Amino acid sequence: MQNHDEKSLTTRERLIYGISNGGQVIGYSLISSYLMYFYVNVFSVDARVISIIFLIGGIWDIINNPLIGTLIDRKSSSKGKLTRLIRIFTPFQAITTIFIFMGPLFIKNNSPLSSAKVIYLLITYFLWEFFYSITDVSFGGLAAVISQNPIDRQKAISTASICVQLSGSLVLVIIPMILDFSKSGKTKLSMAEIFLIIGIIAGTVGVGIFSLSGYFVKERIVQKKAVQPVKELLSNLIRNKPMLLLLSSNLILSFVGIGEAFSTYYYLDVLGYASLSIIAAAPAFVISIFSYSLIKTAKKHFSNKTILILSNITVGTFQLILFFIGLKHFQNIKVMLPAIILCNCVTGLFGGILNTLPTEMLTEATDYAEWKTGVRMEGVAFSLKNSVVKVYGTLAQGLAAFLLSLIGYVSGQGQMITQSNSVQKNIWIVFSLTPAVIRLICTLPIFFYSITGKEKQQMFNDLKRSRESDIHE
């Protein structure tokens, strides 16, 4: 490996890296959390059509992202291959983010099976997916090359996680308030116009902030080989057991997106107010910001592996308890709101750990590849990780849309309709049980993760000597 920049990661650069990630999440949170609602309730597209499109999109992501990662790993540039791609493709990402929400302005057909709607949806959604994938894979890889120092990387990842929480929470606070405000009839703006305004802000401000990483973040570890055969990359991936275990865990965890997609329907259609989600999340958000200070203390006593396992089991158990409480009281705000707040607070307490350790461990697995084979794999590693995240945003939402039609949910095509008791109960079951079960299952692969203790320290020591030797050559 060659040292691209001998200087340590600066505080300024770490903050820009984190803020850029926060900007990226503004648009992604909007699309991952509310795109299904927009398509079904605002654009008035049949939920079954949405489920098929999202499922196809999720499958395509699983194929497309690794291809992008492989192409990235086959190239090398002393000026930074990852940041260059971010600079080139963020303008296209911004434009497609806006066009996704312009459908209702162009197409006035009220039919949920309108061919014009389906064609527009397919073109804009898949173009956005393509451009987002390129920039997302590139940004994800920066975590592994932003510094040679594991401590610096952990600080950068923590900073980015905090910024992601702040910006993601901003979206999750504003949109429920807007939905309730629109429901009250106090605004002259239609829901289509409101979502377009939000899309413009996400595309310009959010993606604009994200693009800063392409200009002000440096890549300090550069692959010696200019071109790496695809066969070699795939072979190294198959032999990298720690990386495969982490990616498997992330893949399982991504299906919590099914429950997340039902959250809007639970708060709006069962409890009656979308903005209740803000009240439910606010205390946990405050706790989660301070939870990052617990990481250093936890690391003094346990390995990353042990910390992550204990955190997942604790959060999953509390979510499972919440599910059983809701089976009898899912419509009772006085019971459910405090119960959800308590469960969210427990999740928030472990938020710092759950948001940073999986990424930090994946950078370790990237170093492990370099240690064992001499070939880094940040492109492939983080493209696969991001494929998993996109499963959360597409495949999981596709399954959620399918479940929505399966349980008998009735769309009002822009108007609120009271759902039956059985539909409301099924909304609760999907919303609460899915994340609990998946959180527990995703812990299983982590038990076999091996980059710990003496082996981990030996790896870092050997890599440090190897890189210092490269500098003097």
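Reply: The answer below starts with helix H1 and then turns to other parts for context.

The model is predicted, so local features need pLDDT of at least 70 and side-chain atom pairs count only at pLDDT 80 or more, while totals for chains, interfaces and linings use all residues. Residues are numbered from 1 along each chain as its sequence is written, and side-chain values use heavy atoms, with hydrogens and water left out.

Helix H1 covers residues 11–42; helices (H or I, at least four residues) and strands (E, at least two) are DSSP runs, numbered from the N terminus. The axes of H1 and helix H12 (residues 263–270) come within 9 Å and cross at roughly 55 degrees. Axes here are lines fitted to C-alpha atoms, for helices over the stretch in contact, and angles run from 0 to 180 degrees between N-to-C directions. Angles under 35 degrees count as roughly parallel, over 145 as roughly antiparallel, 65 to 115 as roughly perpendicular and the rest as oblique.

On the H1 side, the contact (heavy atoms within 4.5 Å) is made by Ser 33, Tyr 34, Met 36, Tyr 37, Val 40 and Asn 41. H12 contributes Thr 264, Tyr 265 and Leu 268. These residues divide into six nonpolar, three polar and no charged. In this count, Ala, Val, Leu, Ile, Met, Phe, Trp, Tyr, Cys and Pro are nonpolar, Asp, Glu, Lys and Arg are charged, and the others, Gly among them, are polar.

H1 also holds Glu 13, whose side chain meets that of Arg 220 in a salt bridge (2.8 Å, N to O). A salt bridge is a side-chain nitrogen of Lys or Arg within 4 Å of a carboxyl oxygen of Asp or Glu. Arg 220 lies in the loop between helix H8 (213–216) and strand E2 (221–222), and the two partners are 207 residues apart. The whole structure has six salt bridges.

Another helix pair gives a second example: helix H3 (residues 81–100) and helix H7 (residues 191–210) pack at about 170 degrees, with axes 8 Å apart. That makes H3 roughly antiparallel to H7.
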